[in-house]
Amino acid sequence: MLNVGKIEEGFVLDHIKAGKSLSVYHHLQLDKLDCTVAIIKNAKSNKMGKKDILKVECDIDMLDLDVLAVIDHSITVNVIKDGEIVSKKELILPKEIKNVIKCHNPRCITSIEQELPHIFVLTDEEKEIYRCKYCEEKFQERF
Amino acid sequence: MRHLMSPLDFSTEELDRLFDLAGDIERNMSKYAHACDGKILATCFYEPSTRTRLSFESAMLSLGGNVLGFSDAGSSSAAKGESVSDTIRTISCFADICAMRHPKEGAPMVAASRSGVPVINAGDGGHQHPTQTLTDLLTIRSLKGSLSNFTIGLCGDLKFGRTVHSLINALVRYEGIKFIFISPEELKVPDYITDMLKEKNIPYEEVIRLENVMPQLDFLYMTRVQRERFFNEEDYVRLKDFYILDKAKMELAKEDMLVLHPLPRVNEISVEVDDDPRAAYFRQVQYGVYVRMALILTLLDIHVD
């Protein structure tokens, strides 16, 4: 059994679908932050069988976690302070997201106009469907 | 300032006013002959389209205005790498209104967000083609007298066919419409459209054989399987001859059923059908000019007494 130490301040993102942690890492743009990140893949889970976990040691105001709701609403976000879980952050679906996810439709104008912001609009809150503002293609996570 | 990106940009009341105006134009062409004196329409066509471009040009010229523009990306500054945003800022200095066709979906919306003049989406990839939809609606309204209570069959490429997507989105706002989607499995109508129909409780059927549903239809909207929408030539060749409307199939239809087609056709409607009084696709082209005239007047806020 692999052991990863506690963090003092930051987030533990639990119940990430197995294999999806690197995608979450990139969506949160953790590669651009100078902070300690532990990526745990294929951890045993009673609920999911296998799951991924991300531990991020950072100031809790540093990360914009809205994108998590878009890519996987089932992720649990534990907020850590002084080494303890102080709260679980509820993921709220933003009405509009800008430059977080990209439109993969090869026929979309964003595929050729580099400076255009990638904007997605929440078109169905119940089914958690986001569509590209320009071409209306449904957002589907790709791995 | 208003633009036209989708048929839904206008409420049904606004569409009624637009179609009333188009009807008045049809009856009194000469009254409108100088309505756009001194105005310029720019037709910015990044992909070839003879019919839509000429229809816009005919509409503006019939209103006494002038036209300028380009008819493929190669002859525009897009070939030098200019963005749509920059092009429309420039065009805004040359013209009073712009009709834009672009192979990339959402391009006219980008243009509208940067433009100093009204922009009309004249077709963007497989996404929307609102002026074709206005043409279709005006044709139906003029030939049947109403936009409610009928069954319409949409046949052919329902996956990439933007005219079909736009028309469905527009028709769901009227009462008593039933849709029958006739297509091969590979070219079925996208799920976001069937999801929307389910949500709104609008009846629809999806079938593969055209013959089976002909007797039910009040309108048959035929479409072409478009080579330019395929990334794979093999798929195109396999699907292009899937539906051909001929005299034998027309015999199964109601006597007052009408056949519409956004044109151009390739071989999906046999020429022997052209003489059938139910073939309405060339009358539809004429309605396209009237509705574009009405649209130009509306977006330029020009009123003729």
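Let's start with two helices of chain B, H1(B) and H10(B): their axes come within 8 Å and cross at roughly 120°, and H1(B) and H10(B) are therefore oblique to each other. Oblique is what remains once angles under 35 degrees count as roughly parallel, over 145 as roughly antiparallel and 65 to 115 as roughly perpendicular. The axes are lines fitted to C-alpha atoms, for helices over the stretch in contact, with angles from 0 to 180 degrees between N-to-C directions. Helices here are DSSP runs (H or I, at least four residues) and strands are too (E, at least two), numbered from the N terminus.

A word on the source: this is a predicted model, where local features need pLDDT of at least 70, side-chain atom pairs count only at pLDDT 80 or more, and totals for chains, interfaces and linings use all residues. Residues are numbered from 1 along each chain as its sequence is written, while chains are lettered from A and ligands numbered from 1 in the order in which they are written.

Now, who touches whom? On H1(B), the contact residues include B:Leu18 and B:Ile25, and on H10(B) they include B:Tyr290 and B:Leu297. Contact means that C-beta atoms, placed from the backbone, lie within 7 Å.

Domain 1 of chain B gives 19 residues to the contact and domain 2 of chain B gives 20.

Finally, between the chains, twelve residues of chain A are in contact with twelve of chain B. Thanks, everyone!

Key: Two residues are in contact if their C-beta atoms, placed from the backbone, lie within 7 Å.
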